Every structure is written in structure tokens, then in C-alpha cells.
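Dear colleague,

Here is the structure I promised to hand over, and below it you will find my notes on what was found. Please read them with the model open beside you.

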Amino acid sequence: MALFNNDDLQYVIDDYFDVPDFEEHDEPLITIDDEDSDFEQDFQLTKSKNDTTASEARNGKDMQGIPWERLNFTRDKYREHRLKHYKNYESLSRSHDPELHKDQDYLQVEKGKTFYDFHFNTRLVKSTIAHFQLRNLLWASSKHDVYFVEHYSVKHWSSMRQRTEEVLNMAKPITPTFEHPGLLSQSVSRVQISATAVKDNFMVIGGFHGELLCKHVNKAGVSFCTKITGNEDAIINCVDVYRNPNGSMRIIAGNNDAEIRIFDADNFTCLNRFSFDWSVNNTSVSPDGKSFAVLGDSKECLLADAQSGKVTGSLKGHIDYSFTSAWHPNGQILATGNQDTTCRLWDIRNLSESFAVLKGRMGAIRGLKFTTDGRFLAMAEPADFVHIFDSGSDYIKCQEIDLFGEISGISFSPDTEAIFVGVCDRSYGSLLEFNRRRSNQYLESIY
């Protein structure tokens with residue numbers, strides 16, 4: 001993974017340098033404290049100015065609240081500009097070479113489908129990105145509950161209550177509450193958040209200096225925290241929570257020190273450490289808990305045995321470094337996302353080549369998520385585009401969500417009824433919510 005340099009983030013207001021009046025000088029958004037008694041009376045006024053409902057979008061309002069009618073260029077003109085001038089980050093200097101792409105057999109998809117309808121956009125959610133290559137910073141634990149990162153804090157957005165609450169402030173010293181003989185826990189502070197995962201009311205957070213924190217969402221305090229390595233190149237690039245074949249909950253963390261570590265989620269002991277030849281940017285565990293994918297500073301991706309760490313397969317086809325992966329719930333299909341602007345789909349029963357290559361519009365593929373029923377695959381670029389593919393059509397039918405701004409993360413709700421997109425931008429940062437379209441009903445927005 002590249003050295004920390006968030007100058008590579010391309011904010012909307014900075015991007016259109018030829019049009020200085022693009023930035024809107026909105027009134028400051030409300031800052032919400034845990035016990036903010038003024039929130040309810042202030043919300044309607046704030047929402048009417050900064051948020052967008054489905055009804056407003058149907059009546060012509062931009063879903064992000066960008067006032068195109070007050071600007072001296074159109075949305076189409078700005079989209080044309082972004083597509084032409086957006087600079088995709090590449091680790092390997094020739095990965096953008098047209099000669100390397102000309103023989104690629106990209107899947108020809110049918111765009112223009114709508115699987116998820118726009119429902120709501122709130123600019124009360126201001127997610128941030130600590131490292132420009134790491135975008136797994138948004139998790140939906142239900143269709144009403146989303147966890148996101150804002151600077152040193154993890155926060156919770158409730159679509160039912162229409163408000164945010166701080167869950168954890170990591171600018172302050174944090175002392176673990178769980179005690180166990182021989183457990184190497186320690187206090188941490190000022191943790192820059194590089195990776196998150198939230199599953200089954202359990203939250204795992206990785207930090208820039210090897211910090212690992214575990215918290216039960218429904219309990220006060222942090223159960224466990226430590227620094228897993230003293231290596232200077234210690235950033236935790238990815239974390240996840242899974243269950244092994246016996247049903248026990250495990251934590252997996254991939255690190256820039258080229259190691260993957262597995263922890264017991266009950267007593268937080270380190271069960272295994274597996275070393276690889278390059279920095280591990282992403283790892284994901286198969287639904288049966290028996291295998292995991294290893295992606296990193298290599299054009300090659302690996303499959304390994306979750307118990308022994310032994311490499312069992314090699315996936316070749318990408319031409320740059322990879323940063324995201326996702327397993328289909330059936331355990332037979334693995335999706336890998338790369339800075340070469342593609343997602344490759346692999347049948348793990350035949351790893352000789354990928355069976356499909358999905359192409360992005362303008363940037364690296366930095367986020368991949370399947371719905372829990374396996375019907376849809378969401379693919380996020382660093383900015384502006386989220387693509388939703390229908391696996392039932394062999395990934396040919398596609399919905400393209402077209403927005404403006406850096407994307408901090410994407411997440412389907414566990415019941416598949418919603419998808420959330422975090423937008424990181426100085427002026428138009430927000431949380432977008434889309435609801436699954438059902439053929440037998442259409443619910444109007446209640447807002």
C-alpha cells in the first residue's frame with residue numbers, strides 16, 4: 001500500500017477549478033451531541049435546506065442537494081469534466097497503458113436498470129477517509145442503523161430517529177474493560193481509523209499504528225484494545241468478523257507488515273499469524289469459514305486455508321494492486337477489486353482465469369459487497385460511481401448510481417432492503433440511502 005497521502009482525494013469543490021463559484025456557502029450543519037435536546041426542533045429546518053427526500057428528488061431536486069440551477073454550468077457538463085480529468089491512482093506505472101487493456105474481454109453490461117430506488121440523503125452524516133486507498137469505513141447493521149467514521153470517531157446514524165450519535169471517540173485514551181490472564185491488552189489513544197467492521201453487534205476497528213479495538217455495540221466501553229505490532233509500517237488495512245466451521249466467532253486483520261492475524265472474538269487471544277510476500281491490503285473469509293482471500297501489493301491474489309494459512313490457489317489477471325474482495329454467499333464465487341479499474345469474478349472451482357471482468361467508469365475498484373441473498377453485487381469506485389450488478393442475469397444487468405464526491409464506503413443492510421453510500425466531501429459530504437425495488441409494491445417516501 002502507498003504511503004499515507006490524502007492529497008490524492010479529489011473533492012468536488014477543488015476539482016472544478018475553472019468554476020470558482022461551484023462551492024456553496026451553506027449555513028453550518030447542526031453539531032449533534034448525545035443529549036442534544038434542541039435536535040428535534042431544529043431538524044426540520046436543517047433537513048429542508050440540506051437533506052433530500054425521495055419525493056423531492058422525483059420533483060427535480062438533485063439527490064445530493066447540489067444547486068445546479070444556481071451555477072454557471074450543468075450537471076452534464078460537470079460530469080464530462082470529471083470523466084476527463086479525474087486522476088486514478090496507480091501503484092504500477094504502466095497499469096494505465098492502453099496496450100495492457102486492449103485485449104481485456106470486459107463484460108458487456110446493460111446499464112440503466114433500477115434495483116434500488118433513491119430514498120434519502122442526509123448531510124448530517126459527514127464521513128471521512130483517513131487513507132485514500134482504504135474505503136471500508138461504512139457498515140449497516142440493519143436498514144435503519146449505519147456506522148461510519150468521522151475523523152477520530154465512530155458514529156451511528158439512525159434513519160428512524162434521524163440523528164447521529166457518537167459511539168466511540170478515539171482521540172481520547174481508551175482502556176480495555178476485558179481482563180484475562182496473559183492477554184496482551186493495552187490502552188491506546190488518538191487512533192487514526194483505517195479499517196472497520198460491524199457484524200452481529202460486534203465492532204472491530206483497525207488503526208494507522210497497528211491498533212486493534214473490539215467493542216460490543218450494545219455494551220459500554222471497549223472490550224479489548226492493543227497494538228498488534230511495533231513495526232513502523234504497522235497500518236491495519238482491513239478487518240473482518242467471521243465464524244469458523246464450528247460456529248465460533250473470529251476476528252481477522254490484514255496488515256501492511258505482510259501478515260494476517262486471527263483472534264478469538266470471545267477472549268481476544270491471537271490464534272494464528274500468517275506471513276506473505278507483500279503487504280496485505282485486503283482479506284475476506286469464505287462463507288463456510290474454511291478459506292480466505294489475500295490481496296495486496298501484488299498483481300496476484302491468493303486463496304489460503306483459514307486453519308493453516310497454506311496457500312491453496314493463485315488468481316492471476318489483474319495488472320495493478322488489489323484493495324477489496326467479497327464472497328458470494330454460495331461460497332463458489334469470489335470478487336476482487338483492483339486499481340486497474342476492474343473487478344474480476346472467480347469460480348473457486350476453476351481458478352485458471354476469471355469468468356467475468358467488470359469495468360469501472362473512471363477509477364480503481366475500492367469497495368465490493370454482495371447482498372446476503374447473493375442477488376446483487378455492489379462495486380464502488382473511489383469517487384462518483386457505485387455499480388450494482390444482478391447476479392441472476394450473470395452480472396449483465398447493471399444499475400449505475402451517479403453521484404459526485406469521494407466514496408468512504410458502501411454497505412447493504414443484512415436484510416438486503418437498503419444500500420448505503422458514504423460520500424466524503426467538504427461541501428457535499430453525506431449519506432445516501434437507496435431502498436430495494438420490489439415488483440409487487442412501491443412505497444412512497446414518508447418524508
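Strand 24 (residues 376–380) and strand 25 run antiparallel and are joined by five bridges, where strands are DSSP runs of E with at least two residues, numbered from the N terminus, and two strands pair if DSSP finds at least two bridges between them. A hairpin of two residues connects strand 24 to strand 25, and Met-379 has His-387 in strand 25 as its bridge partner.

This is a predicted model, in which local features need pLDDT of at least 70 and side-chain atom pairs count only at pLDDT 80 or more, whereas totals for chains, interfaces and linings use all residues. Residues are numbered from 1 along each chain as its sequence is written, and side-chain values use heavy atoms, with hydrogens and water left out.

On its other pairing, strand 25 meets strand 26 (residues 398–412) in the antiparallel sense over six bridges, with Val-386 opposite Ile-401 of strand 26. Because eight of the eight residues of strand 25 (residues 383–390) are buried, this strand is largely enclosed by the rest of the structure; buried means under 20% relative accessible area (1.4 Å probe, protein chains only).

With best regards

Technical notes
Buried < 20%, exposed > 50% of the residue type's maximum accessible area, 1.4 Å probe, protein only. Helix = DSSP H or I, 4+ residues; strand = E, 2+ residues; numbered from the N terminus.
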